[in-house]
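Welcome! Open your viewer, get the cartoon and the side chains ready, and follow along stop by stop.

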Amino acid sequence: MTSNRFFCSGGVIRQCLRQHGWIGLLYLVGLLFTVLLPLFMSIGDEQPRVVLKSLFDSTNSGNELQKLILMTVPVLAGVMLLRFVQRQGPSDLYHSLPLRREHLLTSHVISGLILLLVPVWLTAGVTAWVNTSVELPYIFQINDVGSWALVVSVLTIFLFTFTVFVGICVGQSLLQTVVVYVLLLLPQFLFMMIGRFLERNLYGYVRVRETVVQYINGGEFRSNNNVWENLSPFVRIMDNLPQRAFSYMELLAYLGVSLLFVALSYGLYRKRLVEKATQAIAFPFLQPLFKAGVTLCAMLILGDYFYNAGTRGAANWSIFGYALGAVLGYIVVEMVIRKTWQIVRVRALVEMVVYGVIMGLVLYIPISGWLGYEGRIPTAHSVEKVYVGREEPLGGDAQTEAYYSQDRAYIASVLNLHRELVRAHAAGEKTLSKNLAVESAFIVYRLDDGSTMTRRYTFPEKPFRTELAKVMGAEPYKTVRYKLDKLQEKAETINIQSVDDNERRVVLTNPKETREFKDILREEVLNMSYSEMQSEEYPLGSISITNKESSSTHNEPRWQREISFNWPASYHKLTGWLEQKGYADKVIIDSKDIFSIRAVPIIAEELEPYQPNQYIDDYKLFKSIQQKYKAITIEDPKLWSTVLEKRRSNSFTPNMAKGTYLVQVKIKPLFSSDPHTGYYYFTPNDMTPELAKALPAVP
């Protein structure tokens, strides 16, 4: 019955194949349905043949279902084949046979591998045969089939052996299934939740996602190159395939980890007691780890929930959430281990307090001042280059590197801003106010030792205006914010149009004009003062530049080659060039283009309830105020120029100063029959004496 040479039992293998053969059949049907069937479904369509990058992307729907089958069937096989140690009856029966435990486990592992790997290679063989026999609407080679089979085989082995390892550690099939998927998602969950916790409680902290941007067939695909996120096989498979294929090193790593799980399974199985069947945790030394893990996860979930749910005193509510999570997490895990809800004991209460305190310290120590994270600022001589922007740097390596600056004066300005932000935070001066403008800065230092230091800050603009002016007025910052590097490329078209009426536009295609326009635009941007960059002045128009394809951008979609700018009145040289060419009058709206102007006072108190993130349609807001306060029509054409010059974009907030007006401007159409309507507002600072006389007094 036992083959010592092969270290297994042929009888047990045959029994497993008879009892669980439906799993292999299910896997085979699922793979054929999601891999082979989509290749046939488009036969007969008069469409050009599509070159497949891999068999994971034959169709979008088939791709998702294929990955779902890959993530479920190997786990199902591991759970079903380990039932002989989870149920008391089969456990007593199998362990009473004249077989060593190594023989039992080896037989079940071999049975599972047969049930799972044979369908994979059968599917690969049939697919390769069909590809050579039938003209399919998709083009792929035999090595594509082999690569697919290799990846699926390695991932199947990993998921199966991992499920077997978990099954040895626990004593219930349902708990085994839950723990498997929880552990597969755990790296991604911890990276996300701990990152959010640190971003809220650690000043300047930012989760470095290390986003990789790829352009394939005119589409953009983003994936994370962060090692902690890639440690989650579930996320790696479900989110990144087929855009980011598995490398051979990754596959070798998965095989190595699979062998480790098999070795650990053998070692633990020798020590496992037969009577641990039906128990939640088979080994007492794993119970503290299980309790601590569940308690920590519950604290993170409830702390995050109460922080987001509490509009006022969110910090206090989050502390309550962490405490509640510690209590509920421990209660749940104790019920699972004890298999009863009657867990009230003095020892349990003491343990709950101990685990809560320990997990609380695990969360508190990183955000305390003990580690010195918040006050850490690099020295000027240790910084090789720096990036400052409102967002993290994305794109290819060449594009990202173009946004880093080695200018020593610029580095000194950034460090000075960084020091002031840290000093203000330490002194308690960083509080954001609803009445103050807010600025943000994403800072990345490349240090001389090869490391990277990243910080992100959100802070009130006014107290740091002096430091911000030196940073934001520098060319490296403007290159990042306005993507000035793209102005060096050849333009395909330049579209200049009115912000209020898209019928008023000019399109430049002449190479000489586009080159001159981009040179002047770059000069204007570099000459902008800090106050002009922060100005809310309404622009004369908008500019959209579409660059030509180049060797470095041929895979990028068209929209990725587009950059946009506002055309403010402060761009005098650009305005003069457009006037000289006769283009300005075709875009700029002046008083002769106005049909009518009406205004109503904004009374914020009468517009409650107001939700901070709720968008209010401008025409609904105007209509709502007009029902109570009569709209005043400005009839003097001389004031229309003042309205066009002083207007601001409509952006309602409940903190608008008293004396603010909402203005409706109707613009004469060029081609259509109906006038174009826009809504703007005036603050008391924008008001002129002549305009104040024409507008109604605020009640």
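Which residue in β8 is the bridge partner of Val 383? Select Leu 447: that is the partner in β8. Before moving on, note that this is a predicted model, in which local features need pLDDT of at least 70, side-chain atom pairs count only at pLDDT 80 or more, and totals for chains, interfaces and linings use all residues. Residues are numbered from 1 along each chain as its sequence is written, and side-chain values use heavy atoms, with hydrogens and water left out.

Now show β7 and β8 (residues 438-447), which pair in the antiparallel sense over six bridges. Strands here are DSSP E runs of at least two residues, helices H or I runs of at least four, numbered from the N terminus; two strands pair if DSSP finds at least two bridges between them.

Next, select β10 (residues 491-497) and β11, an antiparallel pair with four bridges. Ile 496 sits opposite Val 506 of β11.

For the last stop, pick Tyr 27, Phe 140, Trp 148 and Phe 246, which touch the most other members of the largest nonpolar core, a set of 73 residues. Such a core consists of buried Ala, Val, Leu, Ile, Met, Phe, Trp, Tyr and Cys residues joined through side-chain atoms within 4.5 Å, where buried means under 20% relative accessible area (1.4 Å probe, protein chains only). Colour helix α6 (residues 142-169) too: its 16 residues are the biggest contribution to this core.

Conventions:
Buried < 20%, exposed > 50% of the residue type's maximum accessible area, 1.4 Å probe, protein only.
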